[in-house]
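Reader: I would like a close look at one part of this model, the aromatic rings. Please take me through them, and then through the backbone and the strands around that topic.

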Amino acid sequence: MKRLINALFFVTIIVGIAADGLLAESVEFVPVRGVFRGANDQPVRRIHIKLDPVPVPFRPVTLRLKSAAPAVSIERQLTDSADIDIPVSETPFRETPLFGELTLEAALLQTKADGTLLLVLEKNITLPPEKKQELYLIHQTHLDIGYTHTQQDVLKRQVQSLRDALKYIEETKNYPDEAKFRFHPEGMWAVEQFLKEATAEEKAAFIKAAKSRDLHIDGMYAQAMTGMYNDEELFELFGGAVRFCRENGIELDSVMQTDVPGYTWGLVTVMAQNGIKYMTMGPNGGHRCGHLYEWGDKPFWWVSPSGKEKILCWLHDTGYNQFHGQKTGHRLTEKEVFTLLDGRHINTWGRSKNIGKQELPFEDFVVVRYGIEGDNGRPNRVLSDVVKEWNEKYLYPKLIISRNSDVMRILEKRYGDKLPVLRGDYTGYWEDGSASTSAATAINRRAKEQLVQAGIFWSMLDPKKYPKAEFDAVWTDLVMYDEHTWGASLRISTPDSDFAKQQDAYKREYAQRGSRKAGQLLEAATSAEIIDSGSSGSLLVNTSSHIRSGVCYIGKFHKSYFEGTQQVKMFQTKDGKAVPVQGVANPDSSNTVSVYADLQWGANSPNIPALGAIQLKASDAVPDNRTGVFRIDTATGEMRNKKVRLIIDTETGAIRSLKLAGNDHDFVNPGDDGNRGLNDYLYIIGRNAQENRSRSTGKVKLTVVADGPLAASVLVESEPGSVPDAESFKRQITLFADTEKIRIENVINKKKERRPEGMFFGFPFNVPDGKWYVDSPWALVEVDKDQLAGANRNYYPVQRFCALANENCGVNWVTVDANMVQFAPIITAGPFDLSQWRKTFQPNGTIYSWVCNNHWETNYKADQEGELKFEYWIWVYHNAKYNNSIAQRFARQVHQPILQFRGSTAVPNPLLTFTNEGNIITTSIRPVRDGSGALLVRLFNTTKEKQSTAVIPAAPYKTVYKSNPLEAKLGIFDKGELNPMETITLRIE
């Protein structure tokens, strides 16, 4: 009480000093932000008058405010600090400023003891302009499968969030439209589970909410690291949502990408052909994002590689995690709203490069992702109440709970014709982590290719019985392995915890189960079994749209099929054409042999027609003794056929020389970046790629595994203990009788290492002034030139191959198991240091296959060990320019080899033929989903020139229609012209 008395006494003394008038410096005029809702919803501006000290009781202060334009005349008596509302006029929408600067003449007068007025202060007060701003809140959960909780718990949490969202939608149905509850579940994964569990009433409520888009369906199955997807898998990424929306009359035109930084160029093709026009991006706040935010809040039109499609893109500069620190029940504050409207970040974690005021693209239109609690956050019912209350108080800024698709429609309508148009790859940043589980990544890559082949095989044999549900299930597994969440948040910090181990096993099973089921679907197309010991005949199936001839790889079989590593078995077709088959032992521990068939064994030999097959039966003929085809010298490391000559370094095991017959140009540049030849091993400890480098030491042992007649192989074994981080290391080099192509198989028995590490195989090619091309889904990306500003230029995800070429020579390099490459010099950047990320890049001839790493601080696996296998193919050429059609066919035939089945299944007729097959390829064929037996065919123009083609179906098919991923009939396809790099879909009946 004593302290209170003293305080009152102090105030009295001050007022007493100013008893005949306020001190001018004790008066403060504070413009209040925003345009408030006045009587009859008229806009008013507000000034806060702060009187310090307050007037003597019973001697009020008179405030007079005047202005001529607009006309204002206000007189108020004040006994304390107060807010004064000033009516203002609204200028036409989208003018700037919308509520102009307002200057007022202010006068403060105080009543004296004798009742007269004393002028205390005269001052001009300026209210800054106010924008007619709208803040659109996109309420979402970030679907992070297994990061914050186990995958099973995430699914339960997400399903419950859908139930909660439906409840909140119902509760707010009578709210003003901008305050109605809306929610974005961000993928079909949890939606499918919800629908499996839901009652009939819940399903009906869900469909109703999805139709109104208050529960907003996203176009993708889950958040994808799209650089890992192959071409057909990208279509499957959207298939579930697109089909669901079509079946239920739900509009679907947008996609939300969250957390993941970087997006493969082929997305534009796939999205547009699925009817999806818009993509918003809310990347991680900075973790390994490089220069991605070059396009932060700078919307653009993204044009497909063919130029025929485009989508509208908006990368939100605020990312997606602005409200991650808030809990359920969070009430949006004025400070948070105005911080966002000022172009600042509430949550600046990892965004040191972007802290502070940002330039927003528009003055009236601000969009922010709203998700609470962190990843897998739940819906916040309170948001609707806050928005309702806010808009009752303010006219502007207005808060709107909106939809992803709505904000993009507004963007297009208001500003679409003013936005830049871009072409190129927005190369991803997080795909590198897939090399932390190299074995599973390799399994998944191979399974995708096998599943495409299975679809073609079913189309050949029994299209009406196509098991679409089983195919969908396998695609779901493969898509989910490539989904962006690899494991637990604490996977690096506590890798031995049950939490981390369980999630790793769950993730790995996607690839393993997908691979098993893909193989089963392939076999299920026929009653035949894969060839084994005692086989008397087989069916060779060509799923490629090009004739297969010459020496062809037809898969791996148990070594018991060949009694000796060089034994050759003879087969013949029904019309007596000879086909020799050779088995070559593999370098791994699987007791398998690689089997090669020669489809050009003399004049009397068969080819396998495009999309067709041949039937073989065992023959008693003895293969002719073809000598002089190969030369192998293990003392010098020389291997040659009549097309190509290479030398394996007997000290290092790398290929130190590679030349074409009759040409002195050496395609190897030994010494570049320390590589001693092609396929040289490099191991780096730590995140500084220029330090702690080590390579294999000691001599290698060369052993002839096979010396013809179809294939010749040399096994290169490193001495135990001579290879960093490896118990053993084997390399097998194979040449073929009729081609320049070279197969390389690497098998490394890796040790466990939890320090940051990187494992590479280097290929220092010598192609002077060559340009590097990276194969991406539905695109060919020339390094740097075909990349957007902000794209990753430190490392690159690869679909099937890379190519290095100048005007006169080049090399096509195919990677089967590993999906990541770097070019010299290697950069292994840390998570937040922007200086370590390239903005431009012109690589030389050295490419690295980046096969293992554990560089991440979270999510990805801390270590890996055991036998790892990596396969590569090389095809060098001279006196020719780069031909992408040749490179595409080569790579696809490696990834989708000839299939072999045991038995006497009737030989299926070729499904179709088409003109210009040299430049246009079939990427997939599968039966349509309606069970009619019609076929869905995808064609791809592999060139950068327009190409025409006619498609001729085989009996019983007669008619070719233009189509789309939803299998519609869109008119007759007679002879069509495809744009450069264009993809089209056809329906054949």
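Author: What follows starts with the rings, then turns to backbone geometry, strands and the chain as a whole.

This is a predicted model. How many aromatic pairs does the chain hold? The count comes to 48 aromatic pairs. A ring pair is described by the distance of the centres and the angle of the planes.

Take Y168 and F181. Their ring centres lie 5.3 Å apart, and their planes meet at 80°. Planes over 60 degrees apart count as edge-to-face, so this pair is edge-to-face. Where do the two partners sit along the chain? Y168 belongs to helix 2, residues 151-171. F181 is in the loop between helix 2 and helix 3 (188-197). The two are 13 residues apart, and the pair links distant parts of the chain. Are they buried or exposed? Y168 is buried, and F181 is buried too.

Now W856 and Y860. Here the ring centres are 4.9 Å apart. The planes stand at 70°, so this pair is edge-to-face. W856 is buried, as is Y860.

Some rings join into a group. Which residues make up the cluster? Ring pairs link Y681, F729, F761, F763, F765, W772, Y796, W813, F823, F870 and Y872.

The charged end of K310 sits over the ring of W301. Its distance from the ring centre is 4.3 Å. R743 and Y553 make another such contact: the charged end of R743 sits over the Y553 ring, 4.6 Å from its centre.

Next, the backbone. Most residues other than glycine have a negative phi, and most peptide bonds are trans. P397 is in the loop between strand 14 (394-396) and strand 15 (398-401). P709 lies in the loop between strand 29 (700-707) and strand 30 (711-718).

R213 lies in the loop between helix 4 (200-212) and helix 5 (231-248). Its relative accessible area is 12%. Buried means under 20%, so R213 is buried. N679 lies in the loop between strand 26 (655-660) and strand 27 (680-685). At 0% relative accessibility, N679 counts as buried.

How many strands form it? Six strands do, in the order 28-27-33-40-39-36, with antiparallel pairing. Strand 28 (693-694) and strand 36 (796-797) are the edge strands. Each of those edge strands pairs on one side only. Y681 of the ring cluster falls within the residue range of strand 27 (680-685). Y796, also in the cluster, falls within strand 36 (796-797). Strand 27 and strand 28 run antiparallel and are joined by two bridges. Across them, I684 stands opposite R693 in strand 28.

Another set of strands is worth a look. Strand 3 covers residues 61-67 and is mostly covered, with five of its seven residues buried. What does strand 3 pair with? One partner is strand 4 (residues 72-78), antiparallel over seven bridges. K66 stands opposite S73 of strand 4. A hairpin joins strand 3 to strand 4 through four residues. Another partner is strand 6 (residues 102-111), antiparallel to strand 3 and joined to it by six bridges. There, L65 has A106 in strand 6 as its bridge partner.

Last, the whole chain. It has 13 helices and 49 strands. Its C-alpha atoms fill a box of roughly 130 × 60 × 55 Å along the principal axes. Of its 989 residues, 62% count as buried. Consider contacts between residues at least 6 apart in sequence: 74% of them join residues at least 24 apart. The chain exposes about 36700 Å².

Conventions
Residues are numbered from 1 along each chain as its sequence is written. This is a predicted model: local features need pLDDT of at least 70, side-chain atom pairs count only at pLDDT 80 or more; totals for chains, interfaces and linings use all residues. Side-chain values use heavy atoms; hydrogens and water are left out. Rings of Phe, Tyr and Trp (its six-membered ring) pair if their centres lie within 6.5 Å; planes under 30 degrees apart count as stacked, over 60 as edge-to-face and the rest as tilted. Buried means under 20% relative accessible area, exposed over 50%, partly exposed in between (1.4 Å probe, protein chains only). A charge sits over a ring if NZ of Lys or CZ of Arg is within 6 Å of the ring centre and within 35 degrees of the ring normal. Two strands pair if DSSP finds at least two bridges between them. Contact means heavy atoms within 4.5 Å. Accessible areas come from the Shrake-Rupley method with a 1.4 Å probe; for residues, only the protein chains shown count as cover.
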